[in-house]
Amino acid sequence: MSPNLITLIRVIMAFASVALFHTGPVGSLAALGLLVITLALDAVDGYVARRRKKTSDIGAAFDIAADRIVESVYWVFFATSGLISFWIPVIVIARGGFTDFLRAIALTQGRTAFGDKTMMETWWGMLLVGSRWSRAAYGIVKCAAFFALGLWMTLAQAPQWQAALASGLMGVLKLGALTLAASAVVFCLVRGVPVIVEGLRYFRKESLANKSC
């Protein structure tokens with residue numbers, strides 16, 4: 001199976017999982033399982049691409065686009081379900097749209113988001129955006145937030161959990177889910193700063209080139 005096909009399947013599964021969450025206890029449990037698989041596939045497509053030596057600039061761009069779609073689907077879904085604030089998906093989507101716009105400009109000048117031709121030129125930009133530990137840490141926090149929110153919704157629809165929920169388990173889970181969601185948003189904004197700072201350099205170059213034509 002090609003890396004791009006795995007990425008596409010990941011997007012489809014994200015839509016399928018949110019469609020199942022409000023279909024009852026069994027459907028919510030299946031949705032939670034799909035959510036876990038969807039998040040796990042984010043690491044699989046990159047591994048397959050490197051293993052088969054099929055990495056490419058287009059494949060990397062497609063992976064970023066898929067990440068944007070998947071995270072937007074989950075943030076918007078949990079916000080419309082009343083679990084998180086409306087402002088969380090708004091902030092994440094706005095940040096992603098602007099940084100991807102700058103990355104697209106950098107790509108026209110031969111620079112990619114990650115890899116050997118990364119647009120990151122400063123040490124702190126490489127540290128916050130390009131380093132594997134930063135990308136992994138952000139991915140872990142974001143996935144943990146999605147799982148906690150999905151678990152919260154699943155348990156709330158399971159009658160057999162009502163006694164446990166009444167005893168305070170839901171309060172602990174709710175606090176943990178909201179803390180993880182807030183942490184993911186902060187992480188998202190912090191990692192976006194270097195892209196904006198570096199990307200504006202390419203934006204100015206593009207603007208000057210257009211004026212000189």
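From the N terminus on, the elements of the protein chain run α-α-α-α-α-α-α. This is a predicted model, in which local features need pLDDT of at least 70, side-chain atom pairs count only at pLDDT 80 or more, and totals for chains, interfaces and linings use all residues. Residues are numbered from 1 along each chain as its sequence is written, and side-chain values use heavy atoms, with hydrogens and water left out.

Me: Happy to start simply: how many helices and strands does the protein chain have?
Reply: Helices (H or I, at least four residues) and strands (E, at least two) are DSSP runs, numbered from the N terminus. By that count the chain has zero strands, and its helices number seven.

Me: Is Ser17 buried or exposed?
Reply: Ser17 lies in helix H1 and touches Ala31, Leu34, Leu35 and Tyr74, not counting residues up to four places away in sequence; contact means heavy atoms within 4.5 Å. Buried means under 20% relative accessible area, exposed over 50%, and partly exposed in between (1.4 Å probe, protein chains only). Ser17 has a relative accessible area of 0%, so the word is buried.

Me: Which residue forms a salt bridge with Arg10?
Reply: A salt bridge is a side-chain nitrogen of Lys or Arg within 4 Å of a carboxyl oxygen of Asp or Glu. For Arg10 the N to O distance is 2.9 Å, and the partner is Asp63. Arg10 lies in helix H1 and its partner in helix H3 (residues 57–80), so the pair ties together parts that are 53 residues apart in sequence: the answer is Asp63.

Me: Where do Glu198 and Arg201 lie?
Reply: Glu198 forms a salt bridge with Arg201, the closest N and O atoms being 2.5 Å apart. Glu198 counts as buried at 0% relative accessibility, whereas Arg201 counts as partly exposed at 26%. The two are three residues apart, about one turn of the helix, and both lie in helix H7 (residues 162–212).

Me: What is the angle between helix H5 and helix H6?
Reply: Leu127, Leu128, Val129 and Gly130 in H5 meet Arg132, Trp133, Ser134 and Arg135 in H6. Axes are lines fitted to C-alpha atoms, for helices over the stretch in contact, and angles run from 0 to 180 degrees between N-to-C directions. Helix H5 (residues 123–130) and helix H6 (residues 132–156) have axes 5 Å apart and pack at an angle of about 40 degrees.
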